[in-house]
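Reader: I have just opened this entry and would like to be walked through its side chains, one question at a time.

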Amino acid sequence: MPIDHANSARDLAQLAHQVPSLPLTFQRINDLVTNPQSTTAQLAEALSTDQGLVTRILRLSNSSFYGLATRVDTITQAVSLIGTRQLRDLALATAVLDLFQNIPNQVLDGRKFWEHSLAVGTATRLIAAKRGERQTERHFVAGMLHDIGLVVMAQQMPEKFCANLQSAASSAQPLSVIELREFGFDHAELGGRVIEHWRLPPAMMEAAAHHHHLLTTTKYVHDCATVHLADIMVEALAYGSGGEPVVPPLDPPAWEILGLAPSDLVPVCNALEQQMVEITAIFLS
């Protein structure tokens with residue numbers, strides 16, 4: 001039966017807008033970071049209202065994720081050493097993870113999903129750093145959120161989601177191929193809509209929406225290519241599980257877009273292996 005694209009667009013919008021808003025704590029932190037009149041003390045105070053966030057930030061600050069020479073013991077030190085926008089991005093990562101803690105395990109293994117997402121976030125950040133980019137935390141969040149559409153499907157349409165997983169496994173096809181056939185959209189496009197619904201940066205939205213279809217991206221080509229490559233690398237290394245029965249195909253232009261060669265991923269893989277032990281303990285303990 002042909003897909004009714006009008007119904008598909010309506011279903012996509014409805015799924016995205018049923019997702020809860022980001023917590024008020026994050027919204028307060030984001031407001032302070034984007035306000036040039038705010039102070040470091042105000043940001044530290046806002047961060048300190050969430051003890052779980054404080055614990056994660058301090059543990060990250062003293063891990064190989066940053067590799068700082070100075071031990072960080074207070075949130076004020078973290079703000080000074082790491083930076084306001086970087087901590088805002090880490091607060092966003094924590095907020096989203098906490099928002100989707102209750103993934104129905106009979107539908108999608110929540111721990112394996114977040115292991116995969118954190119690994120893609122870490123790999124995205126490492127690839128961006130390899131390219132000499134700064135403020136790599138935004139890449140960490142973009143990678144971590146790339147599959148957020150999967151969680152929304154698992155929560156809001158569990159029976160159809162399970163059927164798609166089974167169909168992808170039995171046919172050895174990428175999950176997005178099955179979703180496009182069944183719904184007219186896939187979890188990547190849904191994830192992009194959710195990120196847009198949260199009013200997060202457009203680059204993050206495009207990185208999620210196009211991480212399986214790099215050649216369809218319009219503006220933020222480097223961000224999309226970084227997440228695309230990181231996702232495939234993590235799938236090949238089998239960190240956690242995003243529900244894919246096969247490693248998705250790599251769009252060859254990714255190497256040229258990023259100015260990288262396959263050999264450049266060797267140190268990235270080594271660093272990923274080292275950091276994932278700590279990242280998993282910090283975010284999923």
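Predicted model: local features only at pLDDT ≥ 70, side-chain atom pairs only at ≥ 80, totals over all residues.

Author: Residues are numbered from 1 along each chain as its sequence is written, and side-chain values use heavy atoms, with hydrogens and water left out.

Reader: How many salt bridges does the structure hold?

Author: A salt bridge here is a side-chain nitrogen of Lys or Arg within 4 Å of a carboxyl oxygen of Asp or Glu. Counted in that way, the number of salt bridges in the structure is 9.

Reader: How far apart are the closest N and O atoms of Glu115 and Arg111, and where do the two residues lie?

Author: Both residues belong to helix H7, residues 110–130, where a helix is a DSSP run of H or I with at least four residues, numbered from the N terminus. Because Glu115 and Arg111 are 4 residues apart in that helix, about one helical turn separates them. They form a salt bridge, and the distance between the closest N and O atoms is 3.3 Å.

Reader: Is Arg71, which meets Asp73 in a salt bridge, buried or exposed?

Author: The terms rest on relative accessible area, with buried meaning under 20%, exposed over 50% and partly exposed in between (1.4 Å probe, protein chains only). Asp73, whose side chain meets that of Arg71 at 2.9 Å, N to O, is partly exposed at 47%. Arg71 has a relative accessible area of 56%, and it therefore counts as exposed.

Reader: Which residues have the most contacts inside the largest nonpolar core?

Author: A nonpolar core is a set of buried Ala, Val, Leu, Ile, Met, Phe, Trp, Tyr and Cys residues joined through side-chain atoms within 4.5 Å. The largest such core has 92 residues, and those with the most contacts inside it are Trp114 and Phe283.

Reader: How many disulfides does the structure hold?

Author: A disulfide is taken as a pair of cysteine sulfur atoms within 2.5 Å. Cys162 is partly exposed at 22%, and Cys269 is partly exposed at 24%. The number of disulfides in the structure is 0.
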